[in-house]
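We will go from one side chain out to the whole chain.

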Amino acid sequence: MKALRRENLLAWLLGSWAFWLFLLALALLRVVEVEAEGKRAYLVLLPFQEVRVEFLNSVTERPVLLEFRPLFRFQGFKAYTDPETEAYYTGGTYPWNQALARERHRALRYCSESGLALRVGSRWFRVEGGCVGLRLLYP
């Protein structure tokens, strides 16, 4: 009798549009943990939402912008800065954005003495003289 109930429930679930919509929504959600200044925040994102890190390079004193997305890892990295600052990071020996495009990470940590700003989805986190960490918890 219990096996019959399970089979009926399974058949109902597989035929239910709500079940499939739920699975689709679950597949699209990304859960990100942000740790900044000893506090943690948990954010729910979609895979196409952007994460941005903005800071001043302490040597060149020029702005650097990093952008990426939480697909199945943090990936799709792009960096924007002036040629002198890019050469500082790469030694002028390779194209920075081509190297960044291959990066895939579940966890990231950015630190700055002069401060940085992190935007995850629509929420901003600012840190001066410290670090901010990101972890992709799901998927």
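Select D82 and T85, and show their side chains. This is a predicted model, and here the two side chains make a polar contact at 2.6 Å.

Where does D82 sit? Look at the loop between β5 (74-80) and α3 (83-90). Is D82 buried or exposed? D82 counts as buried because its relative accessibility is 17%, and the cut-off for buried is under 20%.

Next, select β1, residues 30-36, together with β2. The two strands run antiparallel, and seven bridges join them.

Four strands form an open sheet in the order β2-β1-β9-β6, with antiparallel pairing. Colour the edge strands, β2 (39-45) and β6 (107-112); each pairs on one side only. Look along the sheet for its twist, which averages 20° from one strand to the next.

Now show the whole protein chain as a cartoon. How many helices and strands are there? The chain has four helices and nine strands. Trace them along the sequence: the pattern is α-α-β-β-β-β-β-α-α-β-β-β-β.

Zoom out. The C-alpha atoms fill a box of roughly 75 × 35 × 20 Å along the principal axes. The radius of gyration is 21 Å, while a compact globule of 139 residues would have one near 14 Å.

The chain exposes about 9,100 Å², and carbon and sulfur atoms supply 59% of that. Of the 139 residues, 35% count as buried.

How values were computed: Residues are numbered from 1 along each chain as its sequence is written. This is a predicted model: local features need pLDDT of at least 70, side-chain atom pairs count only at pLDDT 80 or more; totals for chains, interfaces and linings use all residues. Side-chain values use heavy atoms; hydrogens and water are left out. Buried means under 20% relative accessible area, exposed over 50%, partly exposed in between (1.4 Å probe, protein chains only). A polar contact is a pair of N or O atoms within 3.5 Å; within protein, one must be able to donate a hydrogen and the other to accept it, and residues adjacent in sequence count only if both atoms are side-chain atoms. Two strands pair if DSSP finds at least two bridges between them. Axes are lines fitted to C-alpha atoms, for helices over the stretch in contact, and angles run from 0 to 180 degrees between N-to-C directions. The radius of gyration is taken over C-alpha atoms; the globule rule is 2.2 Å times the number of residues to the power 0.38. Accessible areas come from the Shrake-Rupley method with a 1.4 Å probe; for residues, only the protein chains shown count as cover.
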